Amino acid sequence: MIMKQVRLSQQAKDQLSRLKGKTGIKNWNILCRWALCYSLSEKTLPTDIPIVADSNLEMSWFTFGGEYYEIYEALVKAWCIKMNLSTDDDTVAKYFRLNLERGIAHLCGTGFIKKMEDLAKLAIKEK
């Protein structure tokens with residue numbers, strides 16, 4: 001397991017609140033999963049900045065990942081390998097947090113997400 005508890009910054013919590021309102025998705029962990037996967041699909045490293053986990057939004061790793069928690073951990077590790085990073089516990093946890101925060105910021109900041117269907121469009125790429 002990457003970590004026992006996932007705690008977000010106040011800024012990320014505020015952004016998730018806006019996304020909840022736009023999409024109607026009620027569970028924080030579901031939106032966090034979307035944000036993580038969106039960030040992992042980027043071809044760049046997230047900016048390496050300290051993340052202040054200053055919100056009261058906290059969930060266990062098992063709540064974050066649900067029944068697929070092992071897949072989310074494997075995705076982050078595979079991303080680390082792809083980016084030529086170590087897969088030690090500290091590095092994986094660090095880049096999990098950085099990707100999660102970046103993904104939340106991108107989903108909230110694009111202006112593209114106005115409803116739940118807009119999230120689905122991100123996952124479906126037409127050829």
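Visitor: What share of the 127 residues in the protein chain is buried?
Guide: This is a predicted model, in which local features need pLDDT of at least 70 and side-chain atom pairs count only at pLDDT 80 or more, while totals for chains, interfaces and linings use all residues. Residues are numbered from 1 along each chain as its sequence is written, and side-chain values use heavy atoms, with hydrogens and water left out. Buried means under 20% relative accessible area, exposed over 50% and partly exposed in between, with a 1.4 Å probe and protein chains only. Of the 127 residues in the protein chain, the buried share is 39%.

Visitor: Which pattern does the protein chain follow along the sequence?
Guide: Helices (H or I, at least four residues) and strands (E, at least two) are DSSP runs, numbered from the N terminus. The protein chain has 6 helices and 2 strands. Read in sequence order, these elements give β-α-α-β-α-α-α-α.

Visitor: What radius of gyration does the protein chain have?
Guide: The radius is taken over C-alpha atoms, and the globule rule is 2.2 Å times the number of residues to the power 0.38. For 127 residues a compact globule would have a value near 14 Å, and the protein chain agrees with this, its own radius of gyration being 14 Å.

Visitor: Is Thr 23 buried or exposed?
Guide: Thr 23 belongs to helix H1, which covers residues 10-23. Because its relative accessibility is 6%, Thr 23 counts as buried.

Visitor: Where does Asn 84 lie?
Guide: Asn 84 is exposed, with a relative accessible area of 73%, and its phi is near 60°, a positive value in a residue other than glycine. Most residues other than glycine have a negative phi. The place of Asn 84 is the loop between helix H4 (69-82) and helix H5 (89-109).
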